[in-house]
Amino acid sequence: MSKFDERIKKELTSRTDDDVRALEEDIWNGINEELFERRTPEVKKRKRWVPVVAVIAAALVLAFTLQTEPGSALIKTVKDMFVPEKEIIQNLEGQDEHTNVTLNEGKDSEYVIYVDEERYKMVKGGDADVITTSEPLPDGYPEVSMEIRQFPTDKPEDLVKEIEEELKIDFPELRPMETVTEPVEGYWLHGLTESVWDGKVIDVYVMSNGKDGSFVITENYFLEAAEGHGARFTHMLQSFEIVD
């Protein structure tokens with residue numbers, strides 16, 4: 001069961017009872033339009049969304065049939081999870097910042113993530129997607145990017161050990177691997193080349209894809225940008241949801 005499915009199940013369990021009536025189709029159509037029909041033009045593949053739609057529809061059947069305050073709260077929760085655009089408040093360098101983020105669909109509709117498109121863009125590749133700065137950084141600045149790649153047949157516990165050994169070559173003082181629950185649930189590797197402003201920083205998260213494989217999210221930035229790009233990547237990654 002995916003992380004998203006678990007969240008839906010939790011909401012249903014805590015907010016509904018057994019008094020079920022028919023789904024109000026006109027309201028569902030309105031929510032469907034809000035969630036999917038108004039999405040950005042480049043998002044065309046919808047077939048892989050079917051599991052999510054089915055889960056949302058199941059939630060709405062229960063919620064609408066109840067016509068209760070908890071039911072309405074559940075609907076709002078579901079809508080908030082997939083609105084095309086929304087504003088978040090993120091703390092950067094000790095200050096709260098209001099940021100508009102846009103829902104983006106990953107490679108082959110395997111996941112969704114909200115991206116701060118005022119500063120970044122998602123570039124879709126053959127094997128992985130990369131979120132990087134909208135405008136190229138000046139010459140001399142290290143790479144700033146967040147790559148999201150899926151390994152369908154590699155288990156997280158095995159894959160993270162391989163990645164750890166590879167990273168030790170370029171990051172001799174790589175921190176010992178940690179298990180984390182934020183910004184995603186999985187394994188975390190963190191390395192720094194040297195303690196200067198442009199020292200290269202890498203964060204690697206290895207998490208289950210909900211099946212027999214893994215997602216690997218690799219963040220590259222530099223030491224001076226840790227509280228800027230590094231923090232923004234963390235906030236965006238908190239919205240990462242596996243769809244398939």
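Me: How do you know that the length of helix α5 agrees with its 15 residues?

Reply: Happy to walk through that one. This is a predicted model, and in it α5 covers residues 156-170. At 1.5 Å a residue, those 15 residues should span 21 Å, and the end C-alpha atoms are 22 Å apart, which agrees.

Me: What makes one face of α5 the buried one?

Reply: Pro156, Leu159, Val160, Ile163, Glu164 and Leu167 are the buried residues of this helix. Looking down the axis of α5, they fall within an arc of 140°, so they line one face.

Me: Which strands do the buried residues of α5 pack against?

Reply: They pack against β6 (145-151), β8 (186-192), β9 (200-208) and β10 (214-222).

Me: Why is the contact between Arg232 and Glu97 called a salt bridge?

Reply: The rule asks for a side-chain nitrogen of Lys or Arg within 4 Å of a carboxyl oxygen of Asp or Glu. For Arg232 and Glu97 the N to O distance is 2.7 Å, so the pair qualifies. This bridge links distant parts of the chain: Arg232 sits in helix α6 (residues 226-237) and Glu97 in strand β2 (residues 95-105), 135 residues apart. Both Arg232 and Glu97 are buried.

Me: How many salt bridges does that rule give?

Reply: The count comes to eight. Another of them joins Glu118 and Arg119, at 4.0 Å from N to O.

Me: Why is Glu118 called exposed, but Arg119 partly exposed?

Reply: Exposed means over 50% relative accessible area, and buried means under 20%. Glu118 has 55%, so Glu118 is exposed. Arg119 has 29%, which places Arg119 in between, as partly exposed.

Me: What makes Lys168 and Glu165 a salt bridge, and how do you know that they are partly exposed?

Reply: Their side chains meet at 3.3 Å, N to O, and the limit is 4 Å, so the pair counts. Lys168 and Glu165 both lie in α5, three residues apart, about one turn of the helix. Relative accessibility is 39% for Lys168, so Lys168 counts as partly exposed. For Glu165 the value is 47%, so Glu165 also counts as partly exposed. Elsewhere, salt bridges that share partners join Glu97, Asp116, Glu118, Arg119 and Arg232 into one network.

Me: How do you know that β7 and β8 pair?

Reply: Two strands pair if there are at least two bridges between them. Strand β7 (residues 178-180) and β8 have three, in the antiparallel sense, so they pass. Thr179 stands opposite Tyr187 in β8, and the two strands form a hairpin with five residues between them. β8 also pairs with β9, again in the antiparallel sense, over six bridges. There, Leu192 has Val201 in β9 as its bridge partner.

Me: Why is β8 described as mostly covered?

Reply: Five of its seven residues are buried.

Me: Which residues touch the most other members of the largest nonpolar core?

Reply: Of its 25 residues, they are Ile113, Ile131, Met146, Ile148, Phe215, Ile217 and Phe240. The largest share of this core, four residues, comes from β10. Leaving aside neighbours within four places in sequence, the contacts of Phe240 include Tyr111, Ile148, Val184 and Phe215. Apart from this core lies another, of eleven residues, among them Leu159, Phe171, Val204 and Val206.

Definitions and conventions. Residues are numbered from 1 along each chain as its sequence is written. This is a predicted model: local features need pLDDT of at least 70, side-chain atom pairs count only at pLDDT 80 or more; totals for chains, interfaces and linings use all residues. Side-chain values use heavy atoms; hydrogens and water are left out. The expected span of a helix is 1.5 Å times one less than its number of residues. Buried means under 20% relative accessible area, exposed over 50%, partly exposed in between (1.4 Å probe, protein chains only). The arc is that of the directions from the helix axis to the C-beta atoms. Contact means heavy atoms within 4.5 Å. A nonpolar core is a set of buried Ala, Val, Leu, Ile, Met, Phe, Trp, Tyr and Cys residues joined through side-chain atoms within 4.5 Å.
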